[in-house]
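Dear colleague,

My findings are set out after it.

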Amino acid sequence: MSETKISIRDLHKVFGSKKVLDGVDLDIQKGESLVVIGGSGTGKSVLIKCIQGLLTPDSGSIKIDGVETVDAKESLKKDMHSKMGMLFQGGALFDSLSVWENVAFSLLENHHAARDHAKMEAIRVLRQVGLAPDVADLSPSELSGGMQKRVGLARAIITKPEIIFFDEPTTGLDPIMADVINDLIIESAKGLGATTLTITHDMASARKIADKIAMLYQGKIIWQGTVKEMDKTDDPFVVQFVNGCAQGPIKVEV
Amino acid sequence: MQQKHIETFLRTLGKPLVKFVISLGELVLFILKSLYHAFTPPFYLKNFVKQMLDIGFYSLPVVGLTTIFAGMVIAMQSYSGFAGMGAERMVADVVLISVTRELAPVLSALMVAGRIGAAMAAEIGTMKVTEQLDALTTLSTNPFKYLFAPRLWAGFIVLPFLVLFGDVIGIFGGYIVGIYKLGFNPANYINATLEYLQALDITTGVVKAAAFGFIIALMGCYNGYRSKGGAQGVGEATTNAVVSASILILIFNYLITELLFAK
């Protein structure tokens, strides 16, 4: 019996008149890699922002290690963030800082590590994600998209978080680079024994990194299962999405 | 029929009004939150020092140029007004009062609003739309403490020093015109300036400057923080930061003057 790391119940979030999350129930087991798939604008990003406390849901419950985080105090949220790492879609690297200062941000600002020690640690993690040490002193704007993703990944894993979030990790990358990033994600998550939550609409990436897949549609989780189950299911929504057909029950809002 | 007209009228009036009240409320909440985080640790000293340099040191040329010409023009104008009636002493006094009480603080603040308010809104706005603000939060760092508090403190503290610098340069501008253009006696002019110099003139300017510095940083941070949707949103935020800061500077200039001088 594995233990539940993140437990979400009846989560609601409305923007204006648009119901983005309309009663999401989702459990993520410890050490599991869950991938949430769904079309653009179905609330995938909103879901992970709610879990991280970047957005406050209108109602519902999110428990991490059994502790309720919705409407939690600032100090609890801070503790919670120290257990988490996040790879942002665009990297979200701080462009006022050099690459290594980005990677070592937590060490420098939260753990008050000495600069040379922090830099060594940053270079070690950069190597782990396949970047040469001479990248460390560059500015993020000098890097290619794939390299920025790697630096973002290095920044997310340097504190050895228990939970890592990946927001469209392969979007905007060529297929080979996407696969390299997929491998890095699997490697670093396995290495840390971390629980991961990935949102993507890249099915190749989802197949590769997922232990379990959940599909978000119209603000609800309409299906979940393993990759094998996904290939066998006759759920018309999942079949349409996985095969990428314009025809089917999912209506694309244009 | 009549009722329908009233209804449409109220509706057109109501929508902007509701919008206005909402954004006013958001601003007040933003100010309260910023103040709370400005006074509670952790403090990011390095960011504060960097902002002091950006807002203060690098604004010195702009402030110097602005105030020297302001002082010069005031000397010229007041001379033509007072020609004949003890112009030397009058010009010195008018330059002194107008520079220290009004021109140095207001013109410097407007220039800094253009220079710094815009840059702040653009930087923070870009960080917002590229998710760097979210990234800060996920790295257990509060953007209010890391980004906004150092800027607000720096604006509040450094503007008075800029204005003191502007006072000196502005009065010097008046002196140049007085001596080299209007042919005053340097010793008499300096004596008159020192004689009329009052602590209240300087403190007025300094109090105003502190308020203006806070306003500039606040509008820069607030508009940047609220910006949405890519390059266009950031552009809008930048414009709003400068316009709102400039208007608020002029309004508060009047209010502070009234507070200090109304009898």
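Predicted model: local features only at pLDDT ≥ 70, side-chain atom pairs only at ≥ 80, totals over all residues.

Residues are numbered from 1 along each chain as its sequence is written, and chains are lettered from A and ligands numbered from 1 in the order in which they are written.

Chain B

The secondary structure of chain B consists of nine helices and zero strands; helices (H or I, at least four residues) and strands (E, at least two) are DSSP runs, numbered from the N terminus. The C-alpha atoms of this chain fill a box of roughly 65 × 60 × 35 Å along the principal axes. Of its 263 residues, 46% are buried. A residue is called buried if 20 or more other C-beta atoms lie within 10 Å of its own, exposed if 12 or fewer, and partly exposed in between, with C-beta atoms placed from the backbone. Among contacts in chain B between residues at least 6 apart in sequence, 88% join residues at least 24 apart; a contact requires C-beta atoms, placed from the backbone, within 7 Å.

Helix H1 of chain B covers residues 2-39. Its 38 residues should span 56 Å at 1.5 Å a residue, and the end C-alpha atoms are 55 Å apart, which agrees; the expected span is 1.5 Å times one less than the number of residues. In the loop between H1 and helix H2 (45-55) of chain B one finds Pro42(B), which is joined to Pro41(B) by a cis peptide bond with omega of about 0°.

Chain A

Helix H1 of chain A (residues 44-51) contains Cys50(A). Six of the eight residues of H1(A) are buried, so the helix is largely enclosed by the rest of the structure. Those residues are Lys44(A), Val46(A), Leu47(A), Lys49(A), Cys50(A) and Ile51(A). Their cover includes strands E1 (4-15), E2 (18-29), E3 (33-37), E4 (59-64), E8 (195-200) and E9 (212-217) of chain A. Cys50(A) counts as buried because it has 25 C-beta neighbours inside 10 Å. Leaving aside residues up to four places away in sequence, Cys50(A) touches Leu11(A), Lys13(A), Leu55(A), Pro57(A) and Ile62(A). After H1(A) comes Gly53(A), with a positive phi near 80°.

Helices H6 (residues 145-157) and H7 (residues 175-192) of chain A have axes that come within 11 Å and cross at roughly 10°. That makes H6(A) roughly parallel to H7(A), a term for angles under 35 degrees. The axes are lines fitted to C-alpha atoms over the stretch in contact, and angles run from 0 to 180 degrees between N-to-C directions. From H6(A), Gly146(A), Lys149(A), Arg150(A), Leu153(A) and Ile157(A) meet Met177(A), Ile181(A), Leu184(A), Ser188(A) and Leu192(A) of H7(A). By class, this contact has six nonpolar, two polar and two charged residues; Ala, Val, Leu, Ile, Met, Phe, Trp, Tyr, Cys and Pro count as nonpolar, Asp, Glu, Lys and Arg as charged, and the others, Gly among them, as polar. Gly146(A) counts as partly exposed, with 18 C-beta neighbours inside 10 Å.

Asp65(A) has a positive phi of about 50° and is found in the loop between E4 and strand E5 (67-68) of chain A. Gln218(A) has a positive phi near 50° and is placed in the loop between E9 and strand E10 (220-225) of chain A.

Contact between the chains

In chain A, 15 residues are in contact with ten residues of chain B. Helix H2 (74-82), strand E6 (84-87) and helix H4 (105-109) of chain A each supply at least two residues of the side that touches chain B. That side has seven nonpolar, six polar and two charged residues.

With kind regards

Conventions. Parallel < 35°, antiparallel > 145°, perpendicular 65-115°, else oblique. Contact = placed C-beta atoms within 7 Å.
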